[in-house]
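Hi,

Here is the structure I promised to pass on.

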Amino acid sequence: QVQLVESGGGLVQAGGSLRLSCAASGRFFSAYAMAWFRQAPGKEREFVAAISKIAGSTFYADSVKGRFTASRDNAKNTLYLQMNSLKPEDTAVYYCAAAFSPSIRESDYNTWGQGTQVTVSS
């Protein structure tokens, strides 16, 4: 089983960019599909992006499509989320998660990081 630690969050102005990282420790990172979810204050956690085990396929929520890009480096055991053209509504705690197959369903992910805060000011 992997352990996940997110980093890269912070405060950015609308229209700016951030890159989140999710470092995985443990074995077999490449055996897991990975995803990003986010949770805004007072809202349920929602799917953002997912990527298959060897990065052959990516999936995005409509709200971030064309602005966010998920990628992974299996040699470095790291998942990334490049976020461009950020909007105030992107403000949330961002979590990375691992699953056996890519999915948009939170319940399919059995390992989670602690989250990193992203705040977008208007």
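This is a predicted model: local features need pLDDT of at least 70, side-chain atom pairs count only at pLDDT 80 or more; totals for chains, interfaces and linings use all residues.

Let's begin with the open sheet, which is built from 4 strands in the order β1-β3-β8-β7, with antiparallel pairing. Its edges are β1 (3-7) and β7 (68-73), each of which pairs on one side only. On average, neighbouring strands here are turned by 15° against each other, if you ignore direction.

If you want to step through the pairings, β3 (residues 18-25) is a handy place to start. Towards β8 (residues 78-83) there are 6 bridges, and the two strands run antiparallel. Within that pair, Ser21 sits opposite Tyr80 of β8. β3 is also joined to β1, by 5 bridges and again antiparallel, and there Ser25 of β3 is the bridge partner of Gln3.

Leu4 and Glu6 make up the covered face, while Gln3, Val5 and Ser7 are on the uncovered one.

Leaving aside neighbours within four places in sequence, Val5 is in contact with Ser21, Cys22, Ala23 and Gln114.

**The disulfide**

How many disulfides does the structure hold? There is 1, and it joins Cys22 to Cys96 with an S to S distance of 2.1 Å. The torsion about that S-S bond is about 60°, so the disulfide is right-handed. Cys22 belongs to β3 and Cys96 to β9 (residues 92-99), so the bond ties together parts that are 74 residues apart in sequence. Both Cys22 and Cys96 are buried.

**The core**

The largest nonpolar core has 36 residues, and the members that touch the most others are Met34, Trp36, Leu81, Met83 and Tyr94. At least two residues each come from β3, β4 (33-39), β5 (46-51), β7, β8, β9 and β11 (116-121). Which strand gives the largest share? That would be β9, with 6 residues. In general terms, nonpolar side chains tend to be buried together in soluble globular proteins.

Apart from neighbours within four places in sequence, Met83 is in contact with Gly16, Ser17, Leu18, Leu20, Arg67, Phe68, Tyr94 and Val118. Tyr94 in that list is another of the core members with the most touches.

**A buried arginine**

A second polar contact, at 3.0 Å, links the side chains of Arg38 and Tyr94. Neighbours within four places in sequence aside, the contacts of Arg38 include Glu44, Arg45, Val48, Ser63, Val64 and Phe68. Among the others are Glu89, Asp90, Ala92 and Val93.

**Two positive phi values**

Last, some backbone torsions for your checks. Most residues other than glycine have a negative phi. Asn77 has phi near 55°, a positive value in a residue other than glycine. Asn77 is in the loop between β7 and β8 and is partly exposed at 23% relative accessibility. Ser85 also has a positive phi, near 50°. You'll find Ser85 in the loop between β8 and β9, partly exposed with a relative accessible area of 42%.

Cheers

Note on methods. Residues are numbered from 1 along each chain as its sequence is written. Side-chain values use heavy atoms; hydrogens and water are left out. Two strands pair if DSSP finds at least two bridges between them. Axes are lines fitted to C-alpha atoms, for helices over the stretch in contact, and angles run from 0 to 180 degrees between N-to-C directions. A disulfide is a pair of cysteine sulfur atoms within 2.5 Å. Buried means under 20% relative accessible area, exposed over 50%, partly exposed in between (1.4 Å probe, protein chains only). A nonpolar core is a set of buried Ala, Val, Leu, Ile, Met, Phe, Trp, Tyr and Cys residues joined through side-chain atoms within 4.5 Å. Contact means heavy atoms within 4.5 Å. A polar contact is a pair of N or O atoms within 3.5 Å; within protein, one must be able to donate a hydrogen and the other to accept it, and residues adjacent in sequence count only if both atoms are side-chain atoms.
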